[in-house]
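Hello,

I am passing on the structure we spoke about, followed by notes on what I found in it. Please read the notes alongside the coordinates.

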Amino acid sequence: MREYFRNIYLTLKTILIGMRITLRYCFADSVTVQYPDMAPVLQPRFRGFHYYEIEKCIACDMCAKACPVDCIYIEKTGPRKLDKETGVAVGGAVTRYAIDYSKCMFCALCTDPCPTDCIHMGNIHDMSGYDRQSMIVEFTELAKQGLQTPTPLWMRKDRAPEWAQARKREWIERAQPKREAMLKALTEQKPPAPAKKAESAAAATE
Ligand code: SF4
Ligand code: SF4
């Protein structure tokens, strides 16, 4: 008999505990984000789709080797070297830098070993497509358009919400000053002659 009433007591107690939590949320402020009309709040260290600075890339493959799922593809025509004066890499052309986002797990392991700090985790969190092939982002093709990061399909529409338009403008403005160097990275660039050699060559001709 005692056990019977104890069970009733415990049942009522657990129901009341559950209802207390439910009621608390009933009167709490709503946290629903009307995405995509409203911008999602991303934390500063959020790891979104990458942005890539092709003009600084020396195509050393360090990022591809660090990637645990082998989803970075790099092709070049020859060795590249960073010119420390200009901060721009010269040498062979980067003919392909692509990431397969159907495999990428946004771990950021590719960003740490980069010796020229040119691959970063970006601030886009979604990217839709109609097939798996469209999940492969060709960053070299983006560089031809003056972009460092992919633009989701829905953001390309003219009626995209204002925050999305602002973010697109921000991406374009960030890459704009580097446009020329970005295009140069797609073609062979001769490394500048070392200062000493240039001086001795000038002396020899005098
Ligand atoms: S992104 Fe960085 S690590 Fe990857 S190939 Fe370019 S320079 Fe090397
Ligand atoms: S974030 Fe991780 S999985 Fe994605 S490309 Fe970089 S290393 Fe590979």
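Predicted model: local features only at pLDDT ≥ 70, side-chain atom pairs only at ≥ 80, totals over all residues.

**Sheet, core and ligand shells**

β2 and β5 run antiparallel and are joined by 5 bridges.

Two residue pairs can be named here: D100 has I136 of β7 as its bridge partner, and A98 has E138 of β7. Together the strands make an open sheet of 3 strands in the order β2-β5-β7, with antiparallel pairing. β2 (72–76) and β7 (136–138) are the edge strands, each pairing on one side only. From one strand to the next, the twist averages 15°. As background, strands of a sheet pair through backbone hydrogen bonds, either parallel or antiparallel.

Next, the core. The largest nonpolar core holds 25 residues, and the members that touch the most others are Y52, I54, C57, F139 and A185. Two or more residues come from each of β1 (48–52), β4 (88–91), β5 (94–100), α3 (139–144) and α4 (162–175). In general, nonpolar side chains tend to be buried together in soluble globular proteins.

Which residues is Y52 in contact with, leaving aside its neighbours within four places in sequence? They are Y97, C118, I119, F139 and Q148. F139 in this list is also one of the core residues that touch the most other members.

Last, the ligands. Ligand 1 is surrounded by 14 residues, the closest being C57, C60, M62, C63 and C114. Its shell divides into 12 nonpolar residues, 1 polar and 1 charged. C57 is also named among the core residues that touch the most other members.

How many residues surround ligand 2? There are 13, and C67, C104, C107, L109 and C110 are the closest. The shell around ligand 2 divides into 13 nonpolar residues, with no polar and no charged ones.

Regards

Note on methods
Residues numbered from 1 in each chain as written. Chains lettered and ligands numbered in written order. Near = placed C-beta within 6 Å. Nonpolar A, V, L, I, M, F, W, Y, C, P; charged D, E, K, R; others polar. Core = buried A, V, L, I, M, F, W, Y, C linked by C-beta atoms within 7 Å. Buried ≥ 20, exposed ≤ 12 C-beta atoms within 10 Å, placed from the backbone. Helix = DSSP H or I, 4+ residues; strand = E, 2+ residues; numbered from the N terminus. Contact = placed C-beta atoms within 7 Å. Pairing = 2+ DSSP bridges. Axes fitted to C-alpha atoms, helices over the stretch in contact; angles between N-to-C directions.
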